[in-house]
Amino acid sequence: MKIANVDTPDLTDSLIKERTGKSLKQWFTLLDTAGGIEKGRRDLVDHLYSEQQVDEWWATTVVVEYERVRGSVDKDGQPKGYSICVTKTISAPLDTVFASWGDNRMLDRWLGPKTKVAFQEKGKLENIDGDRITFQRIRANKDLRFTWDHPTRAPASHVEVLFADKGNGKTGITLNHTRIQSRRDADELRAGWGGAFDALKSLIEKTG
């Protein structure tokens, strides 16, 4: 997958204040007052979005950085980080779209060149774009779960892909990529997966 270069600015206090109305320090004090880490990410983001009128992605950014500074980590010792969601509707049957994840020749054309894949649980996928996938769960025509590694990104982020029959010969794909450790990586991966799904849609609809 080609990871797009996205113009994500550095998260300086001046930028945060420009985009959200307060500096990180001011937001952190407010979040402490609102209940802190124990309140949970969802409630904290909703508080900034609903009560403070902060754009949802910037609200998420503030809360993710708050968790990092306050030392909140998951069981593996890593901060929860950022999460992204990418969706696409493809005019093709469900089984055709699902099969595109396990076919080397198709993967070469939408995910990355010279892909090698063992499409089975604990199987691996790799290509010259740097994608390194280990499949944790494969449920035919339902969902995939895998870890995703790349030499230029933090290791072992997590991906879930959901497939849904939308009727009239159309299939919906929803990809959730979690445990991304920087806002820049999150923005670039959203663009990268979006481009890959555009290529997948074009490939399947053209050949189908």
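## Around helix α2

What covers the buried residues of α2? In this predicted model, the cover includes α1 (13-20), α3 (41-51) and α4 (56-69). Helix α2 itself spans residues 24-33, and the residues tucked away there are Leu24, Trp27, Phe28, Leu30 and Leu31. Look down the axis of α2 and these buried residues fall within an arc of 160 degrees, so they line one face of the helix.

After the helix comes Gly35, with a positive phi near 130 degrees.

## The sheet

Next up, the strands. Seven of them make an open sheet with antiparallel pairing, running in the order β1-β7-β6-β5-β4-β3-β2. At the edges sit β1 (82-90) and β2 (116-117), each of which pairs on one side only.

Zoom in on β6 (residues 157-167) and β7 (residues 170-180): this antiparallel pair is joined over nine bridges. Within it, Glu160 stands opposite Asn176 in β7.

Now for helix α7, which covers residues 183-207 and includes Arg183.

What does its side chain talk to? There's a polar contact between the side chains of Arg183 and Thr61, at 2.8 Å. Setting aside neighbours within four places in sequence, Arg183 is in contact with Thr8, Leu11, Trp57, Trp58, Thr61 and Tyr82.

Terms used: Residues are numbered from 1 along each chain as its sequence is written. This is a predicted model: local features need pLDDT of at least 70, side-chain atom pairs count only at pLDDT 80 or more; totals for chains, interfaces and linings use all residues. Side-chain values use heavy atoms; hydrogens and water are left out. Buried means under 20% relative accessible area, exposed over 50%, partly exposed in between (1.4 Å probe, protein chains only). Helices (H or I, at least four residues) and strands (E, at least two) are DSSP runs, numbered from the N terminus. The arc is that of the directions from the helix axis to the C-beta atoms. Contact means heavy atoms within 4.5 Å. Two strands pair if DSSP finds at least two bridges between them. A polar contact is a pair of N or O atoms within 3.5 Å; within protein, one must be able to donate a hydrogen and the other to accept it, and residues adjacent in sequence count only if both atoms are side-chain atoms.
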